Amino acid sequence: MLLAIDGSNLIHRMFHAMPTSLSLGDATPIGAAKGFANKLISLLHAHAPSHALVAMDTLASDGMYHRRRLWADYKMDRAKKDAAMQPQIDICRQITEALGVLWIDSAGWEADDVIATAAAAAEGDVLVYSADSDLLALTMRPGLQVLRASRDGESLYGAKDTEELFGCPPSFLPLYTAIEGGHNNVPGVPKLGAKAAQDIIVAMRDLLSDAEGGFDPGQVWRLTSSCSRVLAERGVPAKSAQRWAGILAKHKERLLLSLQLATPDEEVPQVPPFPQLARRPVQRSEFFALWRDLAFKMPSADVLDSLSQIPLEDIS
């Protein structure tokens, strides 16, 4: 099984969840790193994956994501927040590598793209860990589930769970986001919200699908070329159908841009082939030295044993 962790999302959540008073002797904050370490160990212990990765959102050398070149405001709401947690990211990398897990930060690409690329090439089941609802689109893949974190705890999502949550199949989630907009500053289609997006997709689903029933982006033209009659014939009130069709036609280019921004890329060139995602043996001396330097509490002997077959007598 491949365990794919949205590292940027996890670090961000731990940064806001853990006490800000936690720091090293040189005043380097470690609260987010400690929370990250605890969750990474917990996931590895609970699921025992044969392959694993931690994926990061990573700016290119010019300070841009690839999507920001398409839409200047993309994820700009996050730029100011991330600077304060920057010192801990390198510590999280050291933690990840000490646990034998591959850390992937591909310049210009986001964690969603890295995970989507790895999942597309995975052999066997895939478990994705994130609080980001965008990754639920990947549950369209057989054998892929998303363990989604929220304030209420963690819930496991497969394809049926995703459809129940959004009212549309997982493969249609990028279109749902493209119409609704808002998330990650995706512009969306003006004056059409979540309910309209859901109703439009439900009404037009078969016309927007490929031969296997998944979303076919090549059929989006059906939404932007006077679809009012089709919507009305399929249960949408005539007034709403006419209004929605007019808005979609007027904002065709904005819809297509939003769809491009909302769709995970499955061809990130820096993601290694699946065999190279295999977990590596934990180097005991490196692991213990790092944990002591960070003043972290050592995991219990049975947890350490399950992670790396580290015998009890090596803990001191």
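These notebook entries record what I looked up on helix packing, cavities and a pocket in a predicted model.

**Entry 1: α7 against α12**

I began with helix α7, which spans residues 173–180, and its packing on α12. The two axes come within 8 Å and cross at roughly 130 degrees. That angle makes α7 oblique to α12. I noted the crossing of α7 and α12 as right-handed. On the α7 side, the contact is made by P174, L175, T177, A178 and I179. On the α12 side, L255, S258, L259 and A262 take part. By class, the residues of this contact divide into seven nonpolar and two polar, with no charged residue.

**Entry 2: α7 against α8**

I then turned to the packing of α7 with helix α8, residues 194–204. Here the axes lie 8 Å apart, at an angle of about 135 degrees. α7 and α8 are therefore oblique to each other. I recorded a right-handed crossing for α7 and α8. From α7, the residues that meet α8 are L175, Y176, I179 and E180. Their partners in α8 are A194, A197, Q198, I200 and I201. I find seven nonpolar residues, one polar and one charged in the contact of α7 with α8. L175 and I179 of α7 are listed in the contact with α12 and also in the contact with α8.

**Entry 3: α4 against α13**

Next I looked up helix α4 (residues 86–98) and helix α13 (residues 284–293). They pack with axes 9 Å apart, at an angle of about 150 degrees. Angles over 145 degrees count as roughly antiparallel, and α4 and α13 are therefore roughly antiparallel to each other. α4 passes α13 in a left-handed crossing. The contact brings Q94, I95, E97 and A98 of α4 to E286, F287, L290 and W291 of α13. I noted the classes for the contact of α4 with α13 as five nonpolar, one polar and two charged.

How many cavities of 30 Å³ or more does a search of the whole structure find? The search returned two. I examined the largest cavity, which holds about 90 Å³ of space. Its lining includes the charged residues R67, E110, D112, D113 and D134. I also listed Y74, N184, V186, L261, A262, T263 and P264 in the lining of the largest cavity. The elements that give two or more residues to this lining are α5 (111–121) and α12. The lining of the largest cavity divides into five nonpolar, two polar and five charged residues.

Last, I looked up the second largest pocket, in which about 500 Å³ of space lies. The pocket is lined by 21 residues, and the closest to its centre are M140, S171, D210, G214 and F215. Which element gives the largest share of the lining of this pocket? I found helix α12, residues 252–262, with three residues. By class, I recorded twelve nonpolar, five polar and four charged residues in the lining of the second largest pocket.

**Entry 4: cross-reference on α12**

α12 packs against α7, gives two or more residues to the lining of the largest cavity, and supplies three residues to the lining of the second largest pocket.

Notes. Residues numbered from 1 in each chain as written. Predicted model: local features only at pLDDT ≥ 70, side-chain atom pairs only at ≥ 80, totals over all residues. Heavy atoms only, no water. 1 Å grid on protein atoms, 1.4 Å probe; cavity = no way out; pocket = protein on both sides within 12 Å on 5 of 7 lines; lining within 4 Å. Points joined across faces, edges and corners; volume = space filled by probe spheres on them. Helix = DSSP H or I, 4+ residues; strand = E, 2+ residues; numbered from the N terminus. Axes fitted to C-alpha atoms, helices over the stretch in contact; angles between N-to-C directions. Parallel < 35°, antiparallel > 145°, perpendicular 65-115°, else oblique. Left-handed = near helix turned anticlockwise from the far one by under 90°. Contact = heavy atoms within 4.5 Å.
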